[in-house]
Amino acid sequence: MDLRFRSLVVAHAVSAYGTYLNLIALSLFSYEVTGSALGVGAVMAVRLLSGVTAGLTAGALTARLTRRTVMVATDLAQTLAMVVLALWATRTPLWVLLAAVVVLGAGNTFFNVALRSAVPVMVGQDDRARANGVLVTARSIATVLGFASAAPVIALGGFGVAFGVNAASFAVSAGAVLLLRPRTDTGGDGGSVSDPGGTEDSGSVTEDGGDGFSSRRGGWLRGRIVGLAGPLLALIALRGLDALASASHNVALPLAAHAAEPSEPAVFMARFWAAWAVGTLIAHQVLKRRSHGTSWGERAFAVGTCAMSLCFVAAFTGPPAPALIAAAVAAGFADGWTEIVYTSRLQAAPDRQRARLFGLSATAEQSGFALGTIAAAAALEALPALAVVGVFHGAAACGALMLMFTVRRRDARRDRDHSDRSSTSGEPDRSSTSGEKGENTHGTSTGARPLPGP
């Protein structure tokens with residue numbers, strides 16, 4: 001990772017800071033414009049729906065345009081949307097607010113799909129896990145700073161200043177991409193930097209010489225997922241279930257903060273999320289020093305999901321402050337672990353598949369979060385926070401266990417096939433060496449390149 005990539009990460013962190021500051025400012029502003037909690041929910045639903053829709057089309061858009069073009073265009077569009085809100089902050093019509101949140105929801109999805117699918121091109125396949133760790137760490141810090149500074153920024157300057165800060169953050173990100181001009185796309189071979197032929201296994205089956213997403217068969221949506229192997233589809237589905245579970249603790253945390261510290265709930269939440277951010281930073285430090293070990297793919301993601309669910313549930317059992325901080329740090333570590341492993345696994349796909357994989361992933365994540373937000377908010381009307389968080393995260397843990405079972409069956413079947421071929425040919429099978437058994441292959445069936453060590 002060179003200085004150019006690290007500078008791009010800093011610019012992205014600035015943009016993320018403005019985004020998370022704006023999440024709080026936009027929620028409060030939506031209440032002023034609509035005058036009801038239902039109106040706030042409708043505005044947030046429009047934003048999430050636009051992100052879900054954008055995820056379905058992000059792969060096709062990045063294939064038609066360069067990823068760098070998508071990143072710059074979406075940043076500039078979001079800058080313009082926030083400038084409009086900043087100028088009309090005192091008299092914003094509802095239709096202007098809705099148009100702005102559509103741009104924000106779709107723009108955020110398009111940008112993230114383009115960035116995450118471009119990482120292997122910018123830094124090379126061998127350094128993608130470390131690059132993902134840097135991105136996760138920067139975004140986690142930006143999340144805490146954005147949430148923590150939202151209240152004083154709004155109090156001092158009003159919504160116009162908050163929206164102006166967000167607009168400036170998008171402008172910084174767009175300017176950095178324009179000035180740094182990172183290499184985000186390969187030539188015409190559909191490969192990646194360290195996989196010129198685009199042959200690195202992605203867990204997919206290409207049909208008719210296509211990219212595994214041919215829409216010639218079965219309709220438009222089915223065309224986006226046809227050819228994917230079961231474990232890879234299960235991985236994306238578990239990511240969506242993980243987002244649904246995460247919505248529960250995001251909705252329930254303010255209630256827990258008021259119950260634990262009625263006089264200073266904001267301090268409680270700031271302390272919790274700061275500890276969570278420390279955990280994500282530790283996860284990056286641990287993963288970037290890991291040179292070998294168990295599978296970095298589906299199995300590692302499933303284990304991390306189980307650990308994250310257990311830690312978040314523990315945080316809602318009413319532990320003393322030191323135990324709560326420890327649970328938040330552990331939850332952040334598991335959150336950072338799953339993010340890095342999951343993103344790196346999808347980035348193992350050939351370049352021509354990668355954007356569509358991340359587009360499908362964005363759709364699953366945002367759909368899960370939207371459904372989880374609605375369901376958790378409704379459940380909290382009748383059930384305590386611990387029960388709601390426990391049920392939602394219990395579902396995520398069960399999904400993770402099912403994925404581990406699926407991967408174990410696949411590995412056992414593959415080992416039997418290797419043994420059968422060896423006994424038939426009378427020669428040892430060289431596709432799986434002793435002690436590896438596919439453990440360092442991202443959980444793929446053909447041995448994708450292992451994630452990097454120091």
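The paragraphs below go through the helices, the salt bridges, the aromatic side chains and a surface patch of this predicted model.

In this predicted model, local features need pLDDT of at least 70 and side-chain atom pairs count only at pLDDT 80 or more, whereas totals for chains, interfaces and linings use all residues. Residues are numbered from 1 along each chain as its sequence is written, and side-chain values use heavy atoms, with hydrogens and water left out.

The chain has 12 helices and 0 strands, where helices (H or I, at least four residues) and strands (E, at least two) are DSSP runs numbered from the N terminus. Of the 454 residues in the chain, 51% are buried; buried means under 20% relative accessible area, exposed means over 50%, and partly exposed is what lies in between, with a 1.4 Å probe and protein chains only.

Two helices can be compared with an expected span, which is 1.5 Å times one less than the number of residues. Helix 8 (residues 265–287) has 23 residues and reaches 33 Å from its first C-alpha to its last, close to the 33 Å expected. Helix 9 (residues 298–315), with 18 residues, should span 26 Å, and its end C-alpha atoms are 26 Å apart, which agrees. The buried residues of helix 8 include Phe268, Phe272, Trp273, Trp276 and Leu287, while those of helix 9 include Phe301, Cys306, Met308, Cys311 and Phe312.

A search of the whole structure finds 9 aromatic pairs. One of them is formed by Phe159 and Phe163, which are stacked at 6.3 Å centre to centre with 25 degrees between the planes. Both residues lie in helix 5 (residues 128–180), 4 residues apart, or about one turn of the helix. Phe159 is buried, with a relative accessible area of 15%, and Phe163 is also buried, at 0%.

The charged side chains supply another set of contacts, with a count of 11 salt bridges, each being a side-chain nitrogen of Lys or Arg within 4 Å of a carboxyl oxygen of Asp or Glu. Arg67 forms one with Asp185, the closest N and O atoms being 3.9 Å apart. This pair links distant parts of the chain, as Arg67 is in helix 3 and Asp185 is in the loop between helix 5 and helix 6 (220–225), 118 residues apart. Arg67 is buried, with a relative accessible area of 3%, whereas Asp185 is partly exposed, with 22%.

Which residues do salt bridges link into a network? They are Arg116, Arg139, Arg239, Asp242, Glu339 and Glu365. Within this group, the side chains of Glu339 and Arg139 meet in a salt bridge at 3.8 Å, N to O. Glu339 lies in helix 10 (residues 321–347) and Arg139 in helix 5, so the pair ties together parts that are 200 residues apart in sequence. Arg139 counts as partly exposed at 28% relative accessibility, while Glu339 is buried, with a relative accessible area of 9%. Glu339 also forms a salt bridge with Arg239, where the closest N and O atoms are 2.2 Å apart. Here the link runs from Glu339 in helix 10 to Arg239 in helix 7 (residues 230–260), 100 residues apart, and both residues are buried. Arg239 has a further contact, lying over the face of Tyr342 at 4.8 Å from the ring centre; a charge sits over a ring if NZ of Lys or CZ of Arg is within 6 Å of the ring centre and within 35 degrees of the ring normal.

At the surface, Leu80, Val83, Val84, Leu87, Trp88 and Trp95 form a nonpolar patch with about 610 Å² of accessible area together. Patches are made of residues with over 30% relative accessible area and no salt bridge, with like charges joined within 9 Å and nonpolar side chains (Val, Leu, Ile, Met, Phe, Trp, Tyr) within 5 Å; the areas come from the Shrake-Rupley method with a 1.4 Å probe, and for residues only the protein chains shown count as cover. The largest share of this patch, 4 residues, comes from helix 3 (residues 67–87). Leu87 lies in that helix and is exposed, with a relative accessible area of 61%.

Key. Phe/Tyr/Trp six-rings, centres within 6.5 Å; stacked < 30°, edge-to-face > 60°.
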